[in-house]
Structures are given as structure tokens and as C-alpha cells.
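Dear colleague,

Please find the structure below for your records.

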Amino acid sequence: MAERYVMSIDQGTNSTRCILFDHRGRLVSVAQREHQQHFPRPGWVEHDAVEIWQNLRRVVPEALSDAGVEAGQVAALGVANQRETTVLWDRRTGAPLRRAIVWQDTRTGPLVEDLRKHPGEAFFLDRCGVPPSTYFSALRIRWLFDNVKGVEQRARDGEVLFGTMESWLIWNLTGGAGSGLHLTDVTNASRTMLMNIRTLAWDEELLDFFGVPRPMLPEIRSSVEAYGEARSVLPGIRITAALGDQQAALFGQTCFSPGEAKCTYGTGGFLLLNTGGDPVRSRHGLLTTVAYRIGAQPPAYALEGSIAVTGALVQWFRDRLGLISSAAEIETLARTVEDNGGCYIVPAFSGLFAPRWRSDARGVVVGLTSYITKGHLARAVLEATGWQTREVVDAMNADSALPLRELKVDGGMTADNLLMQFVADVLDVPVVRPMVAETVSLGAAYAAGLAAGYWSDLEVLRRNWHRAAQWLPGMDPGRREWEYDNWRRAVERSLDWVRPPHSS
């Protein structure tokens with residue numbers, strides 16, 4: 001009998017990937033396509049949802065072909081996705097009403113400021129576990145209603161559907177217009193500001209507040225559950241999991257016990273701490289989110305610290321400043337100097353996320369002297385990721401009764417040994433990287449395989465996890481705290497930069 005595999009679709013901020021995994025959680029084949037980033041105005045970030053769907057239709061056959069695998073050998077399909085990115089589409093034709101508004105987009109900033117004043121953060125934290133921020137989907141829906149003529153009325157008339165990327169892809173995979181399944185999972189729904197964090201249902205008060213009609217919303221399902229069969233691309237294959245990408249990485253890192261944490265370093269940095277069966281209300285600027293839900297079991301919750309810019313700072317250093325020609329070169333350049341030379345970079349390109357949530361902040365470089373070289377700047381770029389991680393971990397330790405003892409890491413930046421050592425140094429805990437670096441895709445595969453009976457239980461998945469690298473802290477404590485104090489002073493200088501536009 002032919003071997004069976006689990007397939008995952010990882011629809012990320014920059015690309016869409018299809019990966020096949022075998023029973024031991026090993027990567028068998030991968031196909032990937034980037035999509036265009038649209039920046040129509042400062043602070044605006046958009047994607048073409050149709051381009052992303054077409055990319056999915058290309059990468060699936062490529063991954064199967066590269067592995068020499070027939071579609072019938074795929075036991076189940078799981079989807080992981082960039083979270084909060086918002087798509088509205090026509091229920092009848094399947095055409096998006098306009099380009100998707102991406103999670104990094106800051107156009108809803110003025111609305112956020114209004115919500116902070118009235119009804120205030122507590123109104124939202126009590127209901128959905130997250131504060132007003134440009135990060136979340138409900139504000140994007142409201143912006144589209146307010147700025148695109150006729151959309152709100154069409155949504156009230158049942159003609160328009162809303163979804164984040166997994167909803168859009170699953171709807172198309174299961175037949176699109178006429179027969180597509182319109183659903184989301186609890187992890188993605190918890191990022192909309194519209195789901196009640198305790199009942200895991202759309203919250204009537206929040207729907208009324210934002211003016212979002214229920215008929216446009218997808219059905220909320222568990223993360224690990226049989227949704228239905230694909231009709232397009234992989235006809236007959238069962239779709240059995242969906243998770244937001246960071247929750248998928250937590251699942252792929254097998255952080256199934258309270259107190260276990262992971263940080264994914266990609267475009268941004270996302271640190272999630274499993275807090276078990278009860279949502280922990282953060283008092284220190286973190287998000288309360290659903291970690292995952294397996295079938296009819298109670299959900300697992302997490303505290304999350306979202307860092308807007310980590311890998312994106314390296315891309316900026318490469319593409320906008322031209323100081324390196326590839327991302328990997330930044331480590332080599334940073335190693336040409338002993339330290340940062342007194343220079344710090346705060347990458348608040350779209351404001352600051354956790355734990356500060358300051359949309360008025362903008363990026364700064366401080367401590368410049370004529371001594372500073374591009375090597376010092378390269379080191380400051382890497383150190384910015386370490387210090388931002390430290391701020392999030394401090395907040396987590398203050399919120400949780402489970403202090404961080406080890407950090408599992410994944411994502412493209414973990415290939416940078418200098419950075420990973422620095423993270424271990426500033427956190428003063430071991431940092432470990434697994435054999436399979438593609439933990440977002442692996443988590444979606446694990447969830448899908450679990451729902452389909454391909455894997456029997458969580459313990460089997462734990463046994464698949466193997467350590468590939470470890471970094472142990474070695475920085476002098478006095479230096480660590482002195483540098484951290486400098487970092488916090490640098491952050492203070494990034495605040496209060498955005499002001500209302502000048503009018504003549």
C-alpha cells in the first residue's frame with residue numbers, strides 16, 4: 001500500500017507554501033510562491049486575494065509532483081494563515097470587493113485612538129481579550145464600510161462575505177460561489193475583536209458596536225476538526241484543520257502544556273505562552289488569545305506578545321539601505337565589530353505592538369557618532385529583535401504564574417547564530433531550535449493529521465520533536481541590565497512622533 005502523507009498550506013505575509021510531511025513529521029517536499037506587496041499610501045499594506053488563491057492552485061501540484069506523490073495519498077489537509085488580514089468578497093461571484101487589507105496596515109489608526117477614549121480598552125479586553133489596535137480585523141471591516149460606497153448595505157443584504165485568509169482559501173477549495181464552506185477556526189476568530197474569548201462565539205455587543213452584520217461572518221469551528229472535502233485543486237481530500245500561523249507554530253513546537261512557549265521570528269516576532277484552559281487577562285500589554293481547540297475538547301489559551309518588525313528590519317536594511325545583498329550577510333557584517341558602539345535601532349515602522357501598543361511611534365536610530373560603521377548598524381538591527389523579545393518576556397513573567405524557563409524558536413531568523421545567542425543572553429534562559437524549522441506548516445499538518453487519525457494523540461507528536469540547536473545565556477548580568485536600560489531610553493524617543501496632518 002502506498003505511503004500516506006499530510007499536506008499543509010502555509011499562507012503567509014510574503015508567500016504561500018505547500019508542504020508534505022510524513023508520519024515522523026519530516027518534510028517531504030515544499031513548493032512556494034511569493035505574492036506582490038502593495039503599498040498604495042504610507043502605512044497602507046494590501047494583498048491581492050485572487051493572486052494568493054492562484055498561487056495556492058500552483059503550489060499544491062508542484063509539491064505533489066516534486067515528491068512523486070498522487071493526490072490520493074494525501075490523508076488530510078491543514079491550513080495555516082497570516083492572521084487579521086481582511087478580505088471581503090461577493091457571495092455570488094466570489095470576486096473580492098477590493099484588495100485584502102494586511103495585518104501590518106495602519107490606516108485605522110484614528111479609529112483606534114477614538115476607541116481608546118470611548119468606550120476604552122477595558123470594554124474590549126473583557127469581551128475579546130485584545131485592546132483596540134490597527135492589528136485586528138473588525139477595524140478594517142469598519143474602515144471598508146466607512147470608505148467604500150455601498151459595501152455596508154450590501155453586507156447587510158447578505159451579499160458580502162468576510163474572512164481572514166484561511167476562510168477565503170477554504171471557501172474556494174470547497175467549491176467557491178454556490179457551494180463553498182464559509183468557516184473560520186477559534187484561533188483566527190480570536191483575532192477579529194468580534195469573538196467572545198470565553199464563549200468562543202461571535203459577541204452580540206461587539207457586532208453591534210462595530211456595526212458588523214452576522215450574515216457576513218464565517219461559522220466558528222474548532223482548529224482540529226473535519227470541515228469538509230475539497231472540490232477544487234485536491235478533489236475529495238479532507239480539510240481537517242485551520243490555525244492562525246502563530247498558533248500553528250505553537251502546535252508544531254508541541255507546546256501543549258501550560259508554561260511552554262515559542263517565538264517565531266519571521267517578518268515580525270510572535271511569542272506565545274500556553275496558559276492552559278483559562279484565558280489569562282494581561283495587565284502588561286499582552287494579548288489573550290486562543291492557542292487551539294481540538295474537536296469538542298475545551299480550548300487551550302495563550303498569552304501572546306506580537307512584535308511588528310523583526311525580519312522586516314533586516315529586509316529594510318537590505319532592500320532600502322542596500323547595506324547587504326542578502327539577509328544572511330547581516331550576521332557576517334555584525335561580527336566585524338565587538339558591540340553596537342552605543343547605537344540602538346527601534347524599528348517602529350508601523351508603531352509599536354506588544355507590550356506598548358503605541359501607533360504614534362515611528363522608527364528611530366539613536367546614539368549615532370562618527371565612530372559608527374555599517375557593522376555597528378548591522379549589530380543594532382539584530383539586537384533590536386533581542387530587546388523587543390525581552391520586553392515581551394518581562395510582560396509575560398509579570399502576567400503569568402509560570403515564569404519562562406526555556407524558549408523554543410523557529411522561523412527564518414533562527415539561522416542567525418549571533419542573534420539567537422543574543423536572545424539567550426538578554427532573556428537569561430536557554431533558547432532551542434527544533435530539527436524542523438517550518439513549524440507553522442508542521443503545526444497545520446499535525447492538527448490536520450490528528451483530526452484525520454493519521455496521528456493518534458499529542459504524545460506521538462511530542463516524540464517527533466527533536467532539538468537541532470541550543471544557545472545558553474552567557475552575558476554579564478550588569479551589562480545586560482545597563483544595555484536594556486539604554487534600549488528602553490531609545491524606545492522613549494520613538495514615541496509621540498505621529499501627529500494630525502498639517503492643514504493650511
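A charge is taken to sit over a ring if NZ of Lys or CZ of Arg is within 6 Å of the ring centre and within 35 degrees of the ring normal. By that rule, the charged end of lysine 408 sits over the ring of tryptophan 465, 4.4 Å from its centre, and that of arginine 107 over the ring of tryptophan 44, 3.7 Å from its centre.

This is a predicted model, in which local features need pLDDT of at least 70, side-chain atom pairs count only at pLDDT 80 or more, and totals for chains, interfaces and linings use all residues. Residues are numbered from 1 along each chain as its sequence is written, and side-chain values use heavy atoms, with hydrogens and water left out.

Rings of Phe, Tyr and Trp (its six-membered ring) pair if their centres lie within 6.5 Å; planes under 30 degrees apart count as stacked, over 60 as edge-to-face and the rest as tilted. The count comes to 23 aromatic pairs. The rings of tryptophan 89 and tryptophan 168 have centres 5.2 Å apart and planes at 65 degrees, so this pair is edge-to-face. Tryptophan 89 is buried (under 20% relative accessible area, with exposed over 50% and partly exposed in between; 1.4 Å probe, protein chains only), at 0%; tryptophan 168 is also buried, at 1%.

Yours sincerely
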